[in-house]
Amino acid sequence: MYGFLAMDFILNNEPVIRLSAFLGVMVIMVILQSAFPRKQTVAPALDRWRTNGLLVVLDSVFVRLLGPLAAVGVAAFASQNGLGLLALLQAPLWFEVLVAVVLLDLAIYAQHVATHHIPLLWRFHQVHHADRDIDATTGVRFHPVEIIVSMLYKGVIVVALGPAVVAVILFEAVLNGSAIFNHANVALPRWLDQILRLVIVTPDTHRIHHSVHGREANRNFGFFLSVWDRLFRTYQAQPRDGHDDMVIGLPGPDKTRATAQPDALAWSLMAPFRPAHDTNEQPTDPSRLRA
């Protein structure tokens, strides 16, 4: 009985729950990374935060405009029409939620890999990697076009999987929270990091993915569960230059730090539409990242 009441509460308060989880994790991680920074930053924080925050606002507007196509809306449609594998299995709700969260996380891992290996997708995903520092706000720095593509992709996966609406709501909250957490510039105790990374992606794990070195940028794609990188052999434990000395962002021709342009909203919005040499950053052909 209490389980069903909890599920009803989640369904009836979905926007509040997701917003509260987002803001709660963001505030906590900003406080922690300010008190216990893992790595010295190189870019003006206020410029970066302003641009990353404005990108979040734009992304949210597009998501609201395309609300019925969002994962939760698609899940409701699939549930009403009995679509998807889990709908056919008629498994207990707890099992459905567990399976849905794991498989949706796998789908996000696959999507992330694709954004690095398909040139058109990389053009938009590079905006995320252009951030010259990595902190909690980087976890929400995405081009609006990438958000729309991601929303459509998740919609297709949700229809095929057919999870309960509550499972999708919980997964979306977990995905947003984990993205903020694993991008945070926070120094976790080494023993805690070693334990956590056995199950979930930690900040030290994901930071490697934002390295200017192509091989490292093609490692540690996971957002929530760390098992996928280990299973598909894309896991790297430590950066070759060490966390203190590693360079973050899109590399220039000499693999130095990027210019200040990524800190501007106009640059971030227009970068995917410029030729690679006009961005003064990493080539938009992701195959160049494999070196």
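Me: What makes Ala271 count as buried?

Reply: In this predicted model, Ala271 has a relative accessibility of 0%, and since buried means under 20% relative accessible area, Ala271 counts as buried. Its place is in the loop between α15 (265–270) and α16 (276–279), and although Ala271 and Arg123 are 148 residues apart in sequence, their C-alpha atoms are 7.7 Å apart in space.

Me: Why is Gln90 called exposed?

Reply: The relative accessibility of Gln90 is 70%, and because exposed means over 50%, Gln90 counts as exposed. Gln90 is found in the loop between α5 (85–89) and α6, and its phi is near 55 degrees, a positive value in a residue other than glycine.

Me: Is Asn220 buried or exposed, and how do you know?

Reply: Asn220 has a relative accessibility of 1%, which is under 20% and therefore meets the cut-off for buried. The place of Asn220 is in the loop between α12 (214–217) and α13 (227–231), and its phi, near 55 degrees, is a positive value in a residue other than glycine.

Me: What makes the pair Asp47 and Arg50 a salt bridge?

Reply: The closest N and O atoms of Asp47 and Arg50 are 3.2 Å apart, and because the cut-off is within 4 Å, the pair counts as a salt bridge. Asp47 and Arg50 are separated by about one helical turn, because they are three residues apart in helix α3. Asp47, at 28% relative accessibility, counts as partly exposed, and Arg50, with a relative accessible area of 47%, is partly exposed as well.

Me: How do you know that Asp135 forms a salt bridge with Arg48, and which parts does the pair tie together?

Reply: The closest N and O atoms of this pair are 3.0 Å apart, which is within 4 Å, so Asp135 and Arg48 form a salt bridge. Asp135 lies in the loop between α7 (119–129) and α8 while Arg48 lies in helix α3, so the pair ties together parts that are 87 residues apart in sequence. Asp135 counts as buried at 5% relative accessibility, and Arg48 counts as buried at 2%.

Me: Why is the pair Asp204 and Arg207 called a salt bridge?

Reply: The closest N and O atoms of Asp204 and Arg207 are 2.6 Å apart, which is within 4 Å, and the pair is therefore a salt bridge. Asp204 counts as buried at 11% relative accessibility, as does Arg207 at 1%. Arg38, Asp204, Arg207 and Asp244 are linked in a network of salt bridges.

Note on methods:
Residues are numbered from 1 along each chain as its sequence is written. This is a predicted model: local features need pLDDT of at least 70, side-chain atom pairs count only at pLDDT 80 or more; totals for chains, interfaces and linings use all residues. Side-chain values use heavy atoms; hydrogens and water are left out. Helices (H or I, at least four residues) and strands (E, at least two) are DSSP runs, numbered from the N terminus. Buried means under 20% relative accessible area, exposed over 50%, partly exposed in between (1.4 Å probe, protein chains only). A salt bridge is a side-chain nitrogen of Lys or Arg within 4 Å of a carboxyl oxygen of Asp or Glu.
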